[in-house]
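Here is a short note to read alongside the model. Take the points one at a time, with the structure open.

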Amino acid sequence: MTRFQEKPPILPQTLTTTDALAAFCARAATVPYVTVDTEFLRERTYFAQLCLVQLALPGTDESDAVLIDPLADGISLDPLYDLFANEAVVKVFHAARQDLEIFHVEGDVVPTPLFDTQVAAMVCGYGDQVGYETLVRKITKGGVDKSSRFTDWSRRPLSDAQKTYALADVTHLRQIYEHLATRLDETGRTAWMEEELSTLTDASNYVVEPENAWRRLKLRSNSGRFLAIVRELAAFRETHAQTRNIPRNRVIKDDALMEIASSKPKSLEDLGKSRLLLREARRGEIAEGLIAAVARGVSADPNTFPDMPAGRDRSALNPALADLLRVLLKAKAEEAGVAQKLIASASDLDDIAAGHHDGLWSKGWRRKVFGEDALRLTRGEIALSANGQKVQIITV
């Protein structure tokens, strides 16, 4: 008796030449949208190393989805970047921020128009920062094999398992996109999502200027001189990490940077007394750079001292009002079917309860969904009451 074996899964096409990529991108330019994902490494570098790009077009044909190998000898990604700049084709990502940063650094382009299914899912009520696997399960009723998630994507050749895993991140995304786009259109919330995406598509978000790197740190003093030293140390670290493409923490970690800003070492001998400094930073160009940065901060003109980022004065915070605002936010988010964190953060609620009424929650769609009632609550114009399992708003 003849035994029939199951056909092995058909592996995706991998594009390794500029001509093949250009041909696929020309085809992509004729469709309404393309789904996109990447695989990259960043553990040992400052800038992410792009290892793979996955693209899928609408449809189910085998040729509708491909892998692009940016590490292939001689390949140029310019056709892909041209597609990203094509305003007639929507570029669909899930949790796009890191991907967009990579493409901005690699190709000086931010894909537009953009659709981020994680943002769309939050607007549609799927929860806060919902994962891709969750959307696959809930919308496509399928599953995703994540066994290859933490593999080394820079090694060649890629295994069959890696290729299958990578492609699943864009093939399921087609159905997810179409479902969420339809829901947004039906509920009149497309503009809500576009409002959220305006930040993602702002190229300035993907540029780190060394002189502003100190603003990312958790500061424990507002002394002008201390801040000047921190600014110089953070700028040196960022420049050194960028030019050598190594993680900033390989230069000096945050806690060691703060220690040095406090102790203000004047020599390599002084620097060697640091408890937290990495061994590699106690000598050579890193050590010399740190000493020079401290000297620049110590001698800085007081007129150039940086100002501590202004924080909100919450001395007038009403804890009871803050608690009521949390109840109101939960009720309004459930009523609208929108993730709470997309409307307002816990910090926003404390600001409102302290009398600050100018946050993001007070603008656009957020004001309609939550902000107007929040302000009415602060003015005592409404009260909250329990009605079974729901919160009821009562006009006072």
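1. Is cysteine 124 buried or exposed? Cysteine 124 is buried, because its relative accessibility is 8%, and buried means under 20%. Keep in mind that this is a predicted model.

2. Now look at cysteine 25. Its relative accessible area is 5%. Cysteine 25 therefore counts as buried, by the cut-off of under 20%.

3. Step back to the whole chain. Domain 1 covers 13-206. Domain 2 covers 210-304. Domain 3 covers 319-395. Taken over C-alpha atoms, the centres of domain 1 and domain 2 are 37 Å apart.

4. Where domain 1 meets domain 2, five residues of domain 1 are in contact with eight residues of domain 2. The size of an interface is often given as the accessible area lost when the parts come together. Here, domain 1 and domain 2 bury about 530 Å² between them. Carbon and sulfur atoms carry 54% of that area.

5. What holds for polar pairs and charges here? Five residue pairs are in polar contact between domain 1 and domain 2. On the side of domain 1 that touches domain 2, two residues are nonpolar, one is polar and two are charged. Salt bridges across this interface number zero.

How values were computed: Residues numbered from 1 in each chain as written. Predicted model: local features only at pLDDT ≥ 70, side-chain atom pairs only at ≥ 80, totals over all residues. Heavy atoms only, no water. Domains from an automatic or database assignment. Contact = heavy atoms within 4.5 Å. Buried area = accessible area lost by both parts, 1.4 Å probe. Salt bridge = Lys/Arg side-chain N within 4 Å of Asp/Glu carboxyl O. Polar contact = N/O pair within 3.5 Å; in protein donor to acceptor, adjacent residues only side chain to side chain. Nonpolar A, V, L, I, M, F, W, Y, C, P; charged D, E, K, R; others polar. Buried < 20%, exposed > 50% of the residue type's maximum accessible area, 1.4 Å probe, protein only.
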